[in-house]
Amino acid sequence: MAATPDLVRWMQEIRELRRRVQIRSDHAVFLKILEKTMRRMPSDPLCGSASPRPLDIAVLPETRGLAEAAAAAGLTQTCNDATRRKFTKTLAAQLPSLLSCWREERRSQLIGSLSCMATATRLCSQDPLGLAIAIFKCRECSAGLRWPGVLSHSHAYVDQHTTQGCRRYPGMGNGTIICGLSMSDDVYDSAIREYFGKYPQWSLSCLDYRGEELFRVIAACGSDPASADVDELDRVNARLACSQCSESGQRVLAMNWRSAVRLLFLSVSLY
């Protein structure tokens with residue numbers, strides 16, 4: 001009995017899916033090594049605790065490239081200890097570059113969120129995140145956050161990767177599924193979902209930027225919001241009065257710029 005074209009295509013799909021499942025296993029090994037290597041890496045003294053978590057690094061395009069190269073080179077669950085140690089050293093040497101990529105991506109995101117300062121930041125020669133106006137409010141606890149401390153704020157890490165679903169290739173249906181993997185699923189994304197599960201990932205979703213209000217506070221101090229940094233405002237040490245809290249004919253509530261921002265954010269601390 002001759003095999004029909006549909007049967008041949010199905011058998012080819014099964015073969016390809018088994019190959020993809022093996023690649024996903026290779027990626028899982030890579031992710032395990034990545035996680036262990038990151039946990040052993042000493043903290044960056046310049047950034048303190050503002051370091052990414054394993055999932056943050058795993059989803060970088062540069063990390064995907066390393067994982068795919070490792071799979072193509074034969075990094076499997078059955079590789080010997082010497083090969084794995086050698087690869088671990090190679091990955092550890094790449095980590096500083098990956099950490100820099102992650103921080104630069106987050107930095108670009110935060111600069112992009114300074115929407116009301118779009119014109120000012122283009123004209124300013126300073127780092128926009130170094131300006132006094134670059135303070136972000138946490139929507140969960142109302143804390144005022146600055147760079148780079150915003151990278152380590154606990155509420156900035158949410159379980160967002162698992163809710164996004166796997167990347168799927170356009171124009172392909174689910175079809176046959178083996179070990180939860182179909183032909184339309186991205187193999188590396190599937191490995192991340194399977195390995196990390198609901199592991200939290202840094203996100204802008206918990207941050208709010210009150211640019212217009214911050215602009216008014218800094219301008220009230222007599223400084224230019226497009227160029228004033230924290231040191232300048234501390235040096236000026238202007239005293240501001242809250243028009244809403246101070247009543248006519250009674251004692252005026254005066255505060256410095258930091259206290260004004262705390263009042264704006266209803267937070268007990270600015271940093």
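Visitor: What percentage of the 271 residues of the protein count as buried?

Guide: The figure is 42%. Keep in mind that this is a predicted model.

Visitor: Why is R64 called buried?

Guide: Buried means under 20% relative accessible area. R64 has 14%, so R64 counts as buried.

Visitor: And why is E68 called partly exposed?

Guide: Its relative accessible area is 39%.

Visitor: What makes the pair E68 and R64 a salt bridge?

Guide: The closest N and O atoms are 3.6 Å apart. The cut-off is within 4 Å, so the pair qualifies. Both residues sit in helix 3 (residues 61–72), four residues apart, separated by about one helical turn.

Visitor: Which residue does R64 pair with at 3.2 Å?

Guide: That partner is D186, again in a salt bridge. R64 lies in helix 3, D186 in the loop between strand 5 (181–182) and helix 7 (187–196), so the pair ties together parts that are 122 residues apart in sequence.

Visitor: Is D186 buried or exposed?

Guide: Buried: D186 has 3% relative accessibility, and the class needs under 20%.

Visitor: Which residues are linked with R64 in a network of salt bridges?

Guide: E68, D186 and D189 are linked with R64. The structure holds nine salt bridges.

Visitor: What makes E213 and R210 one of them?

Guide: Their side chains meet at 3.2 Å, N to O. That is within 4 Å, so the name applies.

Methods
Residues are numbered from 1 along each chain as its sequence is written. This is a predicted model: local features need pLDDT of at least 70, side-chain atom pairs count only at pLDDT 80 or more; totals for chains, interfaces and linings use all residues. Side-chain values use heavy atoms; hydrogens and water are left out. Buried means under 20% relative accessible area, exposed over 50%, partly exposed in between (1.4 Å probe, protein chains only). Helices (H or I, at least four residues) and strands (E, at least two) are DSSP runs, numbered from the N terminus.
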